[in-house]
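Subject: Structure handover, salt bridges

Hello,

Here is the structure I said I would pass on. Please open it beside this email; my notes follow below.

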Amino acid sequence: TTSVMLSTLRAGRIRNYAYRAIYQRRTPAQEATCLSVERACAESLRAAGALSGRGMLALVSGGADSVALLYALAAIRDAGEPLGRLEVLHFDHRRRGAAVAAKEEALVCAHAAALGVTAQVIRWPQERQSCSHAEARAWRYSHARRVALAQGVHHIATAHHLDDQVETVLLKMVRGVALPNVQAMQLRSSNGVVRPLLALRKRQLLAWLQAPQRRVCWCEDASNTRPDAGTRNAVRLRLVPLLEELCGGERALLARLDEA
């Protein structure tokens with residue numbers, strides 16, 4: 001229940017690297033002049049040991065988060081950081097219709113080409129029926145590891161950000177995971193996946209993409225605005241705003257999640 005979650009947040013039982021990394025304890029004024037996305041991304045990659053010159057495979061869906069990830073990684077590469085070879089992988093899950101899938105694929109490939117990056121597309125097998133989110137995630141990571149190995153790159157980058165982190169922790173609580181076992185996403189996982197945007201807010205990524213010197217476009221998934229389209233959506237659109245209100249604002253909620 002909401003009361004149990006709130007008491008848990010107040011007890012400070014959730015540990016999370018990302019909240020302590022770059023974003024923690026900033027005032028609103030400091031947040032307004034925070035590190036640029038590419039610099040914050042580079043610092044996270046450095047902390048994860050991923051600026052090793054061994055290459056990066058970016059998983060890019062065409063949404064704002066992954067497009068920001070791609071442009072940040074390209075900026076890091078162009079600044080001379082030891083990122084190594086940058087590659088893009090896009091997945092078509094065949095869930096939202098051929099027209100939408102074609103638009104997303106074309107957008108990802110166009111962005112990749114503009115940045116001098118090779119893009120590869122993998123499609124969900126037509127003979128297979130639809131699957132759960134967990135099965136789709138396992139399918140993506142399995143193919144990502146295979147492509148990374150074939151392309152000779154060591155790291156796989158995803159676009160998870162701080163808002164995703166909050167949702168993930170709360171979602172596990174909603175689903176009844178025992179509190180000692182509620183763990184947040186890590187900056188770097190044992191399977192070679194890195195999450196360089198994990199210390200940044202969604203709104204920071206949007207502002208960065210929309211900056212006059214950038215004006216980058218992306219695809220919007222209309223289902224993301226529907227609270228009835230899955231539990232994660234309900235957590236993001238209903239539960240998070242309620243907890244922010246009860247905790248005294250979004251910064252207060254983040255602080256309680258970060259307490260040890």
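Which side chain meets that of Arg201 in a salt bridge? The partner is Asp163, at 2.9 Å from N to O. A salt bridge here means a side-chain nitrogen of Lys or Arg within 4 Å of a carboxyl oxygen of Asp or Glu. Arg201 sits in the loop between strand 5 (193-194) and helix 9 (202-209), while Asp163 is in helix 8 (residues 162-174), so the pair ties together parts that are 38 residues apart in sequence. Helices (H or I, at least four residues) and strands (E, at least two) are DSSP runs, numbered from the N terminus.

The model is predicted: local features need pLDDT of at least 70, side-chain atom pairs count only at pLDDT 80 or more, and totals for chains, interfaces and linings use all residues. Residues are numbered from 1 along each chain as its sequence is written, and side-chain values use heavy atoms, without hydrogens and water.

Arg201 is buried, at 6% relative accessible area; buried means under 20%, exposed over 50%, and partly exposed in between (1.4 Å probe, protein chains only). A network of salt bridges links Asp163, Arg201, Arg203 and Glu250.

In total, the structure holds 14 salt bridges. Another one joins Arg39 and Glu43, at 3.7 Å from N to O. Both residues lie in helix 4 (residues 37-47), 4 residues apart, about one turn of the helix. Glu43 is partly exposed, at 30% relative accessibility.

Arg77 pairs with Asp78, with 2.9 Å between the closest N and O atoms. Arg77 is partly exposed at 25%, and Asp78 is exposed at 55%.

Regards
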